[in-house]
Amino acid sequence: MTDKARDGEYDDLLDAIVEGEGYYVECDAGHGWLPPRRVCPDCGSRELSETPLPDSGEVETYTTVSVATPAFAEDAPYVTAIVDFGPVRLTGVVRGTDEEPGPGFVVGVDVEETATEGERVVTFRPR
């Protein structure tokens, strides 16, 4: 992994996922948000609590990246997906399957490094 400055709340979230304690923030009205923030964008509430991220989610949509930017050149081809975890959605890279991860494909969340630059990324693996 490259040495670089921490990206505050985002790196805190990645650390929590690695430790099996992924979370999102939720207001009293039930609005959930990622990345974590201090104010609910829906209702303006400042009363937010950390809520455990579900163990699995379902792919909503995905795309296969065959021609990547230089920062991901050695990772291509790879699949990027948006996964629904109930009140929140996460975007990440699908790994560990040769199956097409179409809508409804069930995955768990993790954090792994890219092959190109060793950057940490959210990853999804089949459940």
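Reply: Start with L34. Beyond its neighbours within four places in sequence, L34 is in contact with L13, Y23, Y24, L53, V88 and L90. Contact here means heavy atoms within 4.5 Å. The model is predicted, so local features need pLDDT of at least 70 and side-chain atom pairs count only at pLDDT 80 or more, while totals for chains, interfaces and linings use all residues. Numbering runs from 1 along each chain as its sequence is written, and side-chain values use heavy atoms, with hydrogens and water left out.

L34 belongs to the largest nonpolar core, which has 22 residues. Such a core is a set of buried Ala, Val, Leu, Ile, Met, Phe, Trp, Tyr and Cys residues joined through side-chain atoms within 4.5 Å. Buried means under 20% relative accessible area, exposed over 50%, and partly exposed in between (1.4 Å probe, protein chains only). The members that touch the most other members are L34, L53, V83, F85, L90, V109 and F124. At least two residues each come from α1, β1, β5 (78-84), β6 (89-94), β7 and β8. The helix α1 gives the most, four residues. In soluble globular proteins, nonpolar side chains tend to be buried together.

Now the helix itself. α1 spans residues 8-18, and its buried residues are D11, L13, L14, A16 and I17. L13 is also one of the contacts of L34. The cover over the buried residues of α1 includes β1 (23-27), β7 (106-113) and β8 (120-126). After α1 comes G20, with a positive phi near 75 degrees.

Step back to the whole chain. There are one helix and eight strands, in the order α-β-β-β-β-β-β-β-β. Both kinds of element are DSSP runs, numbered from the N terminus: helices are H or I, at least four residues, and strands are E, at least two. Buried residues account for 39% of the 127 residues. Among contacts between residues at least 6 apart in sequence, 48% join residues at least 24 apart.

Next, the loops. P101 lies between β6 and β7. At 4% relative accessibility, P101 counts as buried. Leaving out residues up to four places away in sequence, P101 touches V59, Y62, V79 and V94. The C-alpha atoms of P101 and Y62 are 7.3 Å apart, although 39 residues separate the two in sequence.

P77 sits in the loop between β4 (57-65) and β5. The peptide bond joining A76 and P77 is cis, with omega about -5 degrees. Most residues other than glycine have a negative phi, and most peptide bonds are trans.

E119 lies in the loop between β7 and β8. Its relative accessible area is 23%, so E119 is partly exposed.
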